[in-house]
Amino acid sequence: MNPIYLDHAATTPIHPEVIQAMVPVFEEVYGNPSSVHHFGRKARQIIDEARRVIALSINANDKEITFTSGGTEADNIALIGTALANKSKGNHIITTKMEHHATLHAAEYLEKHGFSVSYLDVMENGQVDISQLVTVLTDETILVSIMTVNNETGVIQPIREIGEILKDHQAYFHTDAVQAYGMLELDVEALGVDLLTASSHKINGPKGVGFLFIKNSVKVESLQYGGQQERKRRPGTENVAGIRGFQAAVELVANDREQRLTLYQEYKTFFLQILEKEDVEFSINGDIKNTVASIINISFPGTNVEALLTNFDLSGIAASSGSACTAGSVEPSHVLSAMYGSSNQTTVNSIRFSFGLANTKENIEEAAKKVATIVKRLAIN
Amino acid sequence: MIYLDNSATTKPLPEVLESFRQVSEKYYGNPSSIHRFGADAERLLLKAKQQAAQLMDVKAEELVFTSGGTEGNNLAVKGIAFAHQNRGRHIITSQIEHPSVIEACKSLEKLGFQVTYLPVNSDGVVEINDVKEAINDQTILISIMHVNNEIGSVQPILEIGAIAKLYPKLFFHVDDVQGFGKVKLPLINSGIDLCTISGHKIHGLKGTGLLYIKRNTTIFPLFHGGAQEGDFRSGTENVAGAVSLVKAMRLIIEKQRTQLDDMKTTTQLLRNCLEQIEGVVVNTPRQHSPNIINISVPGYKPEVVIHALSEKDIYISTKSACSSKKPDESAVLSACGFNKKISESALRISLDYDNTEDEVFTFCHSLSEVLQQLSEVMG
């Protein structure tokens, strides 16, 4: 039995071409980019080139891209770094109840340090309630952080509208685009975004690499201190091969994003069709018309997440209850709690399936049938 | 090609690359996922950590994988400062630390911490008495590097550790980025509470490293999020990076066991050769790490010498790569008491275990050629 991977929102298999792009860097361009000799300059060129490609991918300027060790670090710089650098302008931050823990826990840290944070509600369709944004926004607000696509439901957030609202406000607008980058067209100019987080390992690149877009006009403090790398915003010898791998992953997506999206959308539709055909009782969390192609979050009434995941795993299906980053625990989803209330059963009976490179039409069919069998066996009606 | 800039970064070993590639391909799961892809990745990560612990003779729970030396040093210095500021706000470090320690300390000064930057003697070594005298009842952290990255001086870590042990309120951090795999540093019973290692300095990959945090030491994390790595370091674990790091650690320790004497001989040879060249002054003290020699050629701009050597396919560096963009003067050499002529014309030659005597001879020959040519140009 070949296990089937339906957890691409947690992490993705690295693309063979990405590894191919990294190997020569490891082997031949191993210089320290800060060194002035040939080896160093060669390594610097690779980073410059990657920065150019990545900047272009979101319509930013090269200088506005800071490479990090991943999404968590970028989110932490975006929140803590921006808050600390701008506290003379105010101490109020706005985010939402459904953010990734990298944002939520950074916000909680700031609360302990004298900042006040508003956590916006989430509507049943999985979108942030932007009417609330307008009411809580004050002259003291210095930062608004709202994710582009929610990692549990896949629901796309109204980023452009939020950007529009904040256009003439002093508050910087940060979006955690970890789940959106590579799936949606992201133009920081058009979206009115000042800071944007992306991660390599969610788009078939290596783990341990990410970037934070920091618009030229934005003041941030760094979280780490050391050499002059990344314009002092993120010191430390650059992960040259990782950055080159990230670039390769970005180029691969740029070349065939449309095909990928069509394919993943087909998988999603096909998966749901089989569940329906097999008479499984289920409902979809969030407005499916407004989700990214790769993610679907399904509630199975009468079941329990833990039992479902264990049984899925035993029959070779890898899915999850939400963010993998809650370090192994299966706690009621904070995202679904925000949408439906914490006492709602969906918070403990929902599964996220996420599609990607490891899937084929055949293994989607096999997985859906197994899911149907297990759910029907476990559901208490 | 002769690469003599191994303190800036090293070439990854093929075995290290192979394990990175294999893990990337086969164990791509997120270790926090509870399905088998996640469980397999988590198991592998744990195994890597256990192996690293075994190599360092510590417990697996005491190790945190990081993105490199800078993060390790920041996590140690800021992490201790923030977690223990209620007990005191005084930190002791030295004037010759890597920027990732010095700059972290400077940032803490802005937040109201007091930092003592200990001087060093002309051999680039911190005096034990200075350490003793600097400690007061507010001191919560001593952070001293093991091997200096510019001149290769070795600090009396075990003696400082013995002092630190007398003050249970105080933590002792060692930046062992340049020492690991070359100069032994036993952690157990050493008085060391935190120790930083970087992958790319030991033929591992950039973007990998680890921090040893002795059991029962509490630190405040730099990154908040999914509580990975025992809540010390949130963020999806770089599993392939971690496994490759441990491979590199194992291989360099093996080389340290079998090739250290050869390396010492080669470095001694290098030193002897350099001392023969007119106009060259050797700055590295007699007692030093087995792979770093720092020299000065007063009157010559270090970049010019480096570029001329590059033309001959030989690679060395000025001072620390991490501060190469600053003006020529080396803060480390100034701290050692060298005058401007010396501290502004410094060059660092750093070997790895595979550099040969022939390479060293060729380098010395080329250097004296280059100096001669340049002196003719300069008239």
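B:S143 touches B:V77, B:I92, B:T93, B:S94, B:E97, B:V101 and B:H173, leaving out residues up to four places away in sequence; contact here means heavy atoms within 4.5 Å. The model is predicted, so local features need pLDDT of at least 70 and side-chain atom pairs count only at pLDDT 80 or more, while totals for chains, interfaces and linings use all residues. Residues are numbered from 1 along each chain as its sequence is written, chains are lettered from A and ligands numbered from 1 in the order in which they are written, and side-chain values use heavy atoms, with hydrogens and water left out.

Back to that serine. B:S143 sits in strand β5 (residues 139–145) of chain B; helices (H or I, at least four residues) and strands (E, at least two) are DSSP runs, numbered from the N terminus. With a relative accessible area of 0%, B:S143 is buried, where buried means under 20% relative accessible area, exposed means over 50% and partly exposed is in between (1.4 Å probe, protein chains only). Its side chain is joined to that of B:H173 by a polar contact of 2.9 Å. A polar contact is a pair of N or O atoms within 3.5 Å; within protein, one must be able to donate a hydrogen and the other to accept it, and residues adjacent in sequence count only if both atoms are side-chain atoms.

Another chain B residue paired with a histidine is B:T9, whose side chain makes a polar contact of 2.7 Å with the side chain of B:H200. B:T9 lies in the loop between β1 (2–3) and α1 (14–26) of chain B and is buried at a relative accessible area of 0%. Neighbours within four places in sequence aside, B:T9 is in contact with A:Y30, A:G31 and A:N32 from chain A, along with B:Y3, B:H200 and B:K206.

Now for the rings. Over all chains, the structure holds 19 aromatic pairs. Rings of Phe, Tyr and Trp (its six-membered ring) pair if their centres lie within 6.5 Å; planes under 30 degrees apart count as stacked, over 60 as edge-to-face and the rest as tilted. One of the pairs is A:F271 with A:F353, tilted, at 4.7 Å centre to centre and 50 degrees between the planes. This pair links distant parts of the chain, with A:F271 in helix α8 (residues 240–277) of chain A and A:F353 in strand β12 (residues 350–354) of chain A, 82 residues apart. A:F271 is buried at 0% relative accessibility, and A:F353 is buried at 0% too. A:F353 also pairs with A:F300: the ring centres are 6.5 Å apart and the planes at 80 degrees, so this pair is edge-to-face. Because A:F300 lies in the loop between β10 (295–299) and α9 (305–314) of chain A and A:F353 in strand β12, the pair ties together parts that are 53 residues apart in sequence. A:F300 is likewise buried, at 0% relative accessible area. These phenylalanines belong to one aromatic cluster formed by A:Y264, A:Y267, A:F271, A:F300, A:F312, A:F353 and A:F355.

A:F312, from that cluster, brings us to α9(A), where A:V305, A:L308, A:L309, A:N311, A:F312 and A:D313 are buried. What covers these buried residues includes β11 (317–318), α11 (346–349), β12 and α12 (361–378) of chain A, together with α2 (36–56) of chain B. At the start of α9(A), a side-chain oxygen of A:N304 comes to within 2.9 Å of the backbone nitrogen of A:E306. After the helix comes A:G316, with a positive phi near 85 degrees.

Positive phi also turns up away from glycine. Most residues other than glycine have a negative phi. A:E230, not a glycine, has a positive phi of about 50 degrees; this residue is in the loop between β8 (210–214) and α8 of chain A and is buried at 7% relative accessibility. B:D313 has a positive phi of about 65 degrees, sits in the loop between α8 (302–311) and β11 (314–315) of chain B, and counts as partly exposed at 32% relative accessibility.
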